2 protein chains.
Amino acid sequence: MPETAPDRPDVSEIRDVWPLLTPEERLESFSLLRREDAEELYLGLSPLSQATILLGRPAGERKIWMRLLAPDDAADVLQEVPPENRAELLGLLGESARREVVALLAYAEDEAGGLMSPRFARARPEMTVEEAIRYVRRQARNRLETIYYVYVLDARQRLLGVVSFRELLTATADRNVEDVMRRDVATVPEDMDQETVARIIARHDILAVPVVDPEGRMKGIVTVDDVVDVVEAEATEDMHKLGGMEALETPYLQTRLASMLKARAGWLAVLFLGELLTASAMGRYEDLIAHAVVLAVFVPLIISSGGNAGSQASTLVIRAMALGQVKLRDWHRIARRELLAGLSLGCILAVVGAIRVVAWEGIFGTYGDGYLRIAATVALSLVGVVLWGTITGAMLPFLLRTLRFDPASASAPFVATLVDVFGLVIYFNAAALFLRGTLV
Amino acid sequence: MPETAPDRPDVSEIRDVWPLLTPEERLESFSLLRREDAEELYLGLSPLSQATILLGRPAGERKIWMRLLAPDDAADVLQEVPPENRAELLGLLGESARREVVALLAYAEDEAGGLMSPRFARARPEMTVEEAIRYVRRQARNRLETIYYVYVLDARQRLLGVVSFRELLTATADRNVEDVMRRDVATVPEDMDQETVARIIARHDILAVPVVDPEGRMKGIVTVDDVVDVVEAEATEDMHKLGGMEALETPYLQTRLASMLKARAGWLAVLFLGELLTASAMGRYEDLIAHAVVLAVFVPLIISSGGNAGSQASTLVIRAMALGQVKLRDWHRIARRELLAGLSLGCILAVVGAIRVVAWEGIFGTYGDGYLRIAATVALSLVGVVLWGTITGAMLPFLLRTLRFDPASASAPFVATLVDVFGLVIYFNAAALFLRGTLV
């Protein structure tokens, strides 16, 4: 049902291609829109995009765009603009909005306080239902975040309960609000991490959660639409870390090459330094390899199997931790499960590996008389390496969290690097065991 | 503000530990709750947990629990119970609810139609604002999914526009609904994939999106609270795949060991078969290794660097694709960027690697006279392998998507396996080039 004039670009089309546009293209297509469409697009953008537009518009127009934003969104935008522009933009707001925004700026961006909006619907406990409805209707004129929930506060702004607007509408008109409200309200403290806030909203299946200070005074609400973005952003951050790099803060195509190299080169170099230990480990077994070059042939196979098994285990544990399904104190339950899993998986690969050696000997005569010993070496090492990889992958996230690092840093490449060195030790010791007196 | 009797368990405590409980513990703690608390907990649970409780309660009580569910939730629960229980549970519903649920069951679980609720607030275009408010208040008595948006339908149920309930409350009472509604409504078709629906809701920052059939008739709404779960579940699925395994459908601790092994062993075995190619590749260079055992020493270092670089690139591209930031047609922009990134990262590692060889020679005299040639071999191979890994990692997701596979299957272990074989070829060819006539 679009009503766009034929010579104007279509707002929904611009919204679709928005992530793919350069900053210049964004500003240009934005300026081509009808005012009404431009406002709609602007209000749906990320804080970073909103900041780009604010700073890209003529100075005389900035006031209008700044004042369109709800206080929590304005605070987010101010955190995205260069520090030297902040005071100017803040000055464009009205007196009371400015006070709200300054209060919000005091909170960290990734905490409940930094995510909340102070514009919620409220009522007093002694009001009648009909009075409360009229009161909320009056409040609705000042752009509330949502009228879905009406929060019941005492004279000192302490949260007593909540009633949904729908409940008010269907309740008997002359009952008191305190008789229809629910007293058992899930709340979050101002400094709660946004990931936890998101989980609480999702678990309670509510559209907004109230933020209260230590005295029980209500400061604002965090709404579910903010939380979708948080859930998505946190998942992206974790995935980037799982891929063995620092998380990018901007979409891939908007990230400058230099920033992207910075996010990747650091971890890649650290992992490389770790892998250099494999060169030292291999060096220790140079004589063994010189006597039985065939041993070198299986090195990539053995160590990569350990790394792959470790990647599976660490991914499972990290995601379960992020979703709150696994807590720190569960480590021994995980350890027991992964011990079993690692042993089983190791045995499966050992059988496949042994069959491969025996088959190649049968078909091509690749390994000569010692082929059964080689098969045994490969099979035993695979059990050991896969077991070791699985346990390392499963326990490393617990270790990182205990040491107050992000468990998501236990990436596939990180686990693989840890597993490689010890995997080589396992392999060459198995070789020394089985090949003693024959090839060596 | 909890009001729980002292000898009853606390509902919020049970909700917190819920994911960690066994099915038996869940049923037991559920049966200890006060009826009111039990209902609240029940309504906030996942469909799978709701099904467990439904089937775990005495047969005489099931009707009550079944009828508590909104139609879209009831349909989700029925998809979780064994087929032989479905007809019985469906029979417990009232006539009209049953018809709604049967209609919803016709949709796939992961499409807009399977996610939507048919219980939305509606109004007619010719109503006055005051009439519409009264009409919505009357509808609110039949458990609507949300009264936040009021959808304006014509006599044939076609969607004409939408007006928020708040807008109705603040509009002049005697205007017509069609004069205050917005006509430019984002809608989704019934068979749209749930991930795309989630993205549309998130991008438009709306609390619900209407689902319409090809004739423009409105069938239901998908609300943002369903979408939080979808976003989280889709991210989990992608992460598990990125970790080199099939996605688990249940939380880690609730997954039976056998199902978990099945999800992991398949991919691990496939990757192992791929890695067996490295044994063949290494076999081709056995003579070279026999003449210069030192070459074997750097094999793990070289191939793992290629795998790590590839893991970074594939993770970035897969996540950007999942978020809709990168489309299939962007492949050449990504290829160009990653070519530059791979070259830069390769050069950084090449410098570190060369320094390591020269330093060890200086300190320990590890590599003898040929150390400069070895340093050159390692450095050149690193540039080649990192570049190859980066390009493979970045392009594999595009290839998979073109072939209609899930790009998230381009996991770190998968990319590493692909890179390893070719990495060995690069390395030993560089060695043959630099060491010709000396060690060899």
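User: Taking buried as under 20% relative accessible area, exposed as over 50% and partly exposed as in between (1.4 Å probe, protein chains only), is A:Arg264 buried or exposed?

Analyst: A:Arg264 is buried, because its relative accessible area is 0%. This is a predicted model, in which local features need pLDDT of at least 70 and side-chain atom pairs count only at pLDDT 80 or more, while totals for chains, interfaces and linings use all residues. Residues are numbered from 1 along each chain as its sequence is written, chains are lettered from A and ligands numbered from 1 in the order in which they are written, and side-chain values use heavy atoms, with hydrogens and water left out.

User: Where is A:Arg264 placed, and what does it touch?

Analyst: A:Arg264 is in helix α15 of chain A. Helices (H or I, at least four residues) and strands (E, at least two) are DSSP runs, numbered from the N terminus. Residues up to four places away in sequence aside, A:Arg264 touches A:Met245 in its own chain, and from chain B the list includes B:Ala309, B:Gln312, B:Leu316, B:Glu338 and B:Thr390. Contact means heavy atoms within 4.5 Å.

User: Which side chain joins A:Arg264 in a polar contact?

Analyst: The side chain of B:Glu338, at 2.8 Å. A polar contact is a pair of N or O atoms within 3.5 Å; within protein, one must be able to donate a hydrogen and the other to accept it, and residues adjacent in sequence count only if both atoms are side-chain atoms.

User: What does A:Glu338 form with B:Arg264?

Analyst: A:Glu338 and B:Arg264 form a salt bridge, with the closest N and O atoms 2.8 Å apart. The term covers a side-chain nitrogen of Lys or Arg within 4 Å of a carboxyl oxygen of Asp or Glu. There are 4 salt bridges between chain A and chain B. Helix α15 (residues 257-284) of chain A gives 18 residues, the largest share of the side of chain A that touches chain B. That side divides into 70 nonpolar, 23 polar and 32 charged residues. Ala, Val, Leu, Ile, Met, Phe, Trp, Tyr, Cys and Pro count as nonpolar, Asp, Glu, Lys and Arg as charged, and the others, Gly among them, as polar.

User: What area is buried between chain A and chain B?

Analyst: About 11,400 Å², with 65% of it from carbon and sulfur atoms. Buried area is the accessible area (1.4 Å probe) that two parts lose on being put together, summed over both. On each side the contacts involve 125 residues: 125 of chain A with 125 of chain B.

User: By what turn and shift can chain A be laid on chain B?

Analyst: A turn of 180° and a shift of 0.0 Å along the axis, with an RMSD of 0.1 Å. The two copies are thus related as by a two-fold rotation axis. Copies are superposed by least squares on the C-alpha atoms of residues with pLDDT of at least 70 in both. In chain A, the residue that comes closest to the rotation axis is A:Val228, at 2.7 Å (C-alpha). Of the interface residues of chain A, 100% are also interface residues in chain B, so the copies meet through the same surface.

User: How many salt bridges does the structure hold over all chains?

Analyst: The total is 30. One of them pairs A:Arg35 with A:Glu39 at 3.1 Å, N to O; both lie in helix α3 (residues 35-44) of chain A, 4 residues apart, about one turn of the helix.

User: What about B:Arg62, which residue does it form a salt bridge with?

Analyst: B:Glu88, with the closest N and O atoms 3.1 Å apart. B:Arg62 is in helix α5 (residues 62-68) and B:Glu88 in helix α7 (residues 83-91) of chain B, so the pair ties together parts that are 26 residues apart in sequence. B:Arg62 is buried at 13%, whereas B:Glu88 is partly exposed at 35%.
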